[in-house]
Amino acid sequence: MNTFKDQDVAINLKLLKQCHFYQIFDSSNRKVFGWNVHQISFVMFAVVVQCFVCYGNAGSVFEKDDVVTNIDYFLIFYTNIHTYLSLWKLIVYLYNAKKILKVFNVTRINFLTSETCCNYSEILHKYRDKTIRFTNWYIIFSIVVIIQWLIFPLVLNMFMISGNSNVRYKNIMNLRYDVSTHTYNQYIIIFVLMETTTLSFAMYFMVMTDLILISFCSAIITQQEVLIHAFKNIGHEDKSQIKYYEQLKSILRDQQHLNLKTQSFYSAMKPIVLLAVAINSTFIIILTYLFILRERVNLSLYSCDWTKMNLKFKKLLLLSMQMNNANQMLIRASPKKIINLQLFASIISMSYNVVSVMLKTTTPKSSR
């Protein structure tokens, strides 16, 4: 992969290099005990971040002199998940570094070598331009969001009363360090720097994982598009049957080569994708459970023995049920699609069907 230039691939390789993410897989870097410099740097960075997180979570088991809200606990839980998920991603990347480096070959403009596929290389150039624009805007948007997250607590602290010793200054992650409120407020800059480092680690791997998935998936889809056009072209030229046969064989070799790279990509990224799906599904299940509980409140109101009550009681009961219906909170994915148990079940069913089809279409080819 390190032998060609940025314009030789159908992804935004320049951006991955500028973010120092591609260097994790680059085998041409200087190595120490079999590890390149970037891999060692990321490991050391991860160790420092985990020390910060452990120290920040140590105070959660002890009672403090300040009040901890449910929002603080949710933020701590949310950031801890993504911090440990980022550590898991780093481990997967380091373990599969050689495999992922080979998968990078699928992004080459000249990855498909048959003569027919080479005639449709302009498709790769067109998709390359779209991928570069999208990833550039994505990284800009991510940086803006991260900066806002970093600045917001500092702005909020400007409006807090510093003389109140029972109120902690707001921080980026609001981890519960095992120090007093006075000590925490006195050295707030140090704690802000610690949490900035921790958040940067988590956000970096979150954004880079999205970029690498977008890049590889876009490249694979584009190569498949080239194969589709190549197969359609067979028989539309004035050639002999032998030429048609050789043309089909060369395209099938390209397809088999692409399938092998796709399977390598699946096996390398599977641990990251499955864990991300599990975490996101957990949040959806929790939200769905909340929706069900809201519906059960109305059902419980109706289930009371209201038939023997007087008219005043019945009117109040009816007003209560109407109020619950009016204040029912709904998350809409679109004007007509509501996030509920039915939608979650349909997504799981559709995902299972897609994965089943993919496995049935790729496994037999690899076995042959």
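These legends describe views of one predicted protein model.

Local features need pLDDT of at least 70 and side-chain atom pairs count only at pLDDT 80 or more, whereas totals for chains, interfaces and linings use all residues. Residues are numbered from 1 along each chain as its sequence is written, and side-chain values use heavy atoms, with hydrogens and water left out.

**View 1. Elements of the protein.** The protein has 11 helices and 2 strands. Both types are DSSP runs numbered from the N terminus: helices are H or I, at least four residues, and strands are E, at least two. The order from the N terminus is α-β-β-α-α-α-α-α-α-α-α-α-α. Of the 368 residues, 36% are buried (under 20% relative accessible area, 1.4 Å probe, protein chains only).

**View 2. The largest nonpolar core.** This core holds 52 residues. A nonpolar core is a set of buried Ala, Val, Leu, Ile, Met, Phe, Trp, Tyr and Cys residues joined through side-chain atoms within 4.5 Å. F21, F25, Y93 and F104 have the most contacts inside it. Helices that each supply at least two of its residues include helix 2 (37-58), helix 3 (70-95) and helix 9 (241-303). Helix 8 gives the most, with 13 residues.

**View 3. Surroundings of Y93.** Contact means heavy atoms within 4.5 Å. Neighbours within four places in sequence are left aside here. Y93 then touches F21, F25, I100, F205, T209, I212, M269 and I272.

**View 4. Another core.** Apart from the 52-residue core lies another core, of 15 residues. Among them are I76, M173, A202 and M203.

Technical notes: Buried means under 20% relative accessible area, exposed over 50%, partly exposed in between (1.4 Å probe, protein chains only).
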